[in-house]
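Please walk through the charged and aromatic side-chain pairs of this protein with the model open beside the text.

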Amino acid sequence: GMRGRPKAADYDVETCAILQMAIQVYCSTLLTQNPYPSAVQGEQWAVSAWKIARMHHTLDKDHTTCLMKLVTTRTSHIRSQFKSRARSIVKTTYGFESGQDEAVLLKNQALSAELKTELAFIYHTRGSCINEHTGIYANPAIQQVINEVLFKNGNDDGPRWSKYYSPFPRSAFALTLTAIECAIDEWATGVRQTIAFTEEEYVNAYVGHDEALDEFDKATSGYKLLSMILKCVFDNRQYVLVITTILY
């Protein structure tokens with residue numbers, strides 16, 4: 001029998017084909033519903049994803065506990081992808097610098113604190129206080145992280161599973177903001193220190209971003225601003241900035 005942890009290589013070609021698609025459907029469900037599901041919710045979504053994949057391939061293969069584990073283990077993996085892409089994008093977009101020089105350390109410390117204050121990092125352009133920031137939810141880092149994870153090319157998950165990602169889901173947008181926040185936290189001491197993007201550390205930040213997006217949506221419902229932003233994210237256009245600067 002199989003020893004240790006199950007791997008895709010342990011299964012026949014047909015099962016692997018279903019498994020591969022089930023993982024994609026499962027990850028898409030996470031990003032459209034909630035990237036921090038309970039164990040029970042995760043299992044339910046894995047079973048549903050398996051059924052969709054099985055129907056697509058018209059193959060009659062039942063799921064097993066081991067197969068479902070292979071699907072649900074992708075939960076933290078997909079979240080980590082957002083964080084690992086955010087790390088280099090955050091450095092270049094916001095202007096953190098490498099080096100041990102005291103002036104560099106102080107600059108990085110101040111920048112990290114400034115970006116975290118009143119969520120300044122979500123704005124396209126930062127003023128000296130929150131009332132002077134412009135382009136809410138339009139910082140280019142957001143689109144860049146999303147593109148790196150989901151829209152790198154025509155075969156990536158975003159274009160392939162457009163029924164999930166068009167318009168772009170709010171929960172995936174909130175996860176992107178959380179990953180960027182974690183990457184900014186890494187610079188808090190002035191030198192980048194790795195911080196694990198764990199559920200324990202960051203689920204509350206995710207919930208905060210999701211609730212803030214909900215409040216923003218309600219506050220600007222007359223303009224349908226959040227819907228426009230999320231549509232633009234999928235379309236991968238840069239006119240998000242124009243809309244948010246004029247209206248907010």
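Across the whole of this predicted model, a search finds 16 salt bridges. One of them joins Lys107 to Glu97, with the closest N and O atoms 3.0 Å apart, and this pair links distant parts of the chain, since Lys107 lies in helix α5 (residues 102–116) while Glu97 sits in the loop between α4 (74–94) and α5, 10 residues apart. Lys107 has a relative accessible area of 37% and is therefore partly exposed, and Glu97, at 34% relative accessibility, likewise counts as partly exposed.

A further salt bridge is formed by Lys152 and Glu148, where the closest N and O atoms are 3.5 Å apart. Here Lys152 counts as exposed because its relative accessibility is 54%, over the 50% cut-off, whereas Glu148, with a relative accessible area of 29%, is partly exposed.

In helix α11 (residues 225–235), Asp235 and Lys231 are 4 residues apart, which means that about one helical turn separates them, and their side chains meet in a salt bridge at 2.6 Å, N to O. Asp235 counts as partly exposed at 22% relative accessibility, and Lys231 is partly exposed with a relative accessible area of 46%. Elsewhere, salt bridges that share partners join Lys83, Arg87, Glu186 and Arg192 into one network.

Turning to the aromatic side chains, a search of the whole structure finds 9 aromatic pairs. Among them, Tyr36 and Tyr206 form a tilted pair, with 5.2 Å from centre to centre and 50° between the planes. This pair links distant parts of the chain, as Tyr36 belongs to the loop between α1 (13–33) and α2 (39–57) and Tyr206 to helix α10, 170 residues apart; both Tyr36 and Tyr206 are buried. Tyr165 and Phe168, by contrast, form a stacked pair, 6.4 Å centre to centre with 25° between the planes, and Tyr165 and Phe168 are both buried. Ring pairs also link Tyr165 and Phe168 with Phe151 and Phe234 into a cluster.

Helix α10 (residues 199–219) also holds His209. Is His209 buried or exposed? Its relative accessibility is 3%, so His209 counts as buried, the cut-off for that class being under 20%. Which residues does His209 contact, once its neighbours within four places in sequence are left aside? The contacts of His209 are then Leu119, Phe121, Ala174, Leu177, Thr178 and Glu181.

Methods
Residues numbered from 1 in each chain as written. Predicted model: local features only at pLDDT ≥ 70, side-chain atom pairs only at ≥ 80, totals over all residues. Heavy atoms only, no water. Helix = DSSP H or I, 4+ residues; strand = E, 2+ residues; numbered from the N terminus. Buried < 20%, exposed > 50% of the residue type's maximum accessible area, 1.4 Å probe, protein only. Contact = heavy atoms within 4.5 Å. Phe/Tyr/Trp six-rings, centres within 6.5 Å; stacked < 30°, edge-to-face > 60°. Salt bridge = Lys/Arg side-chain N within 4 Å of Asp/Glu carboxyl O.
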